[in-house]
Amino acid sequence: MTLEHRSGLELLPATIYPAAPEPVPGCAACDELDRFRARAREECDRTRETDANVLLRRHQRQEHLGDRESTPTRRRVFRYVPYSIVQDGSAEPEYEASCVSGDEDDCGAGSGRHPDPAKVEEWQRRHTQETRHTRYRRCFADYSLLEPQA
């Protein structure tokens, strides 16, 4: 089932949206935000309706957080675990270079990927001898692991 907005766009089914917050009985601020949301619904203004829901949730978190009957509380636990970043010894690093010399455009020639930087440097020397190009972009890549610290 899809709904159609006044702009002609189809709206997604309501089941994917979080449930709208309910006002706390007897709270004037909750009632006012609920009326604001109702007016927005009547005018088919989804943006203002969403704004009202956000404001109502924020108000309930700030004002009714300790009242477990009116507002369900969510508990989040954040744990800090220190890690060390180390090079992965099971994977070899990669080296490569590309020529960025040229008058208007870069040459674009490349060494390809090699596990040894000496092969890349040798390619640069040969390319310079052949073309007189002297400017290169070098890249190094490796793999890393995050290991928890003891």
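**Charged and backbone features of the predicted model**

A negative surface patch is formed by four acidic residues, D103, E104, D105 and D106. With a relative accessibility of 84%, D103 counts as exposed, because the value is over 50%.

D88 is buried, yet it has no salt bridge, and the nearest side chain of opposite charge, that of R113, is 15 Å away. When residues up to four places away in sequence are left aside, the residues touched by D88 are Y143, S144 and L145.

As to the overall fold, the secondary structure of the protein chain comprises three helices and six strands, and from the N terminus on the elements follow the order β-β-α-α-β-β-α-β-β. Among contacts in the protein chain with a separation of 6 or more, 54% are accounted for by residues 24 or more positions apart. Of the 150 residues in the protein chain, 20% are buried, while the accessible surface comes to about 12100 Å², with 48% of this area belonging to carbon and sulfur atoms.

Backbone geometry was examined next. Most residues other than glycine have a negative phi. In C44, by contrast, phi is near 55°, a positive value in a residue other than glycine. C44 is found in the loop between α1 (28–42) and α2 (46–63), and its relative accessibility of 43% is the reason why C44 counts as partly exposed. A positive phi is also found in R132, where the angle is near 70°. R132 lies in the loop that runs between α3 (117–131) and β5 (136–141), and because its relative accessibility is 66%, R132 counts as exposed.

Helix α3 also contains P117. With a relative accessible area of 31%, P117 is partly exposed, since this value falls between the 20% limit for buried residues and the 50% limit for exposed ones. P117 and Y95 are 22 residues apart along the chain, and their C-alpha atoms are separated by 5.7 Å.

Technical notes:
Residues numbered from 1 in each chain as written. Predicted model: local features only at pLDDT ≥ 70, side-chain atom pairs only at ≥ 80, totals over all residues. Heavy atoms only, no water. Helix = DSSP H or I, 4+ residues; strand = E, 2+ residues; numbered from the N terminus. Buried < 20%, exposed > 50% of the residue type's maximum accessible area, 1.4 Å probe, protein only. Patch = residues over 30% accessible without salt bridge, like charges linked within 9 Å, V, L, I, M, F, W, Y side chains within 5 Å. Areas by Shrake-Rupley, 256 points an atom, 1.4 Å probe, with all protein chains shown as cover. Lys, Arg positive; Asp, Glu negative; His and termini not counted. Charge placed at Lys NZ, Arg CZ, Asp CG, Glu CD. Contact = heavy atoms within 4.5 Å.
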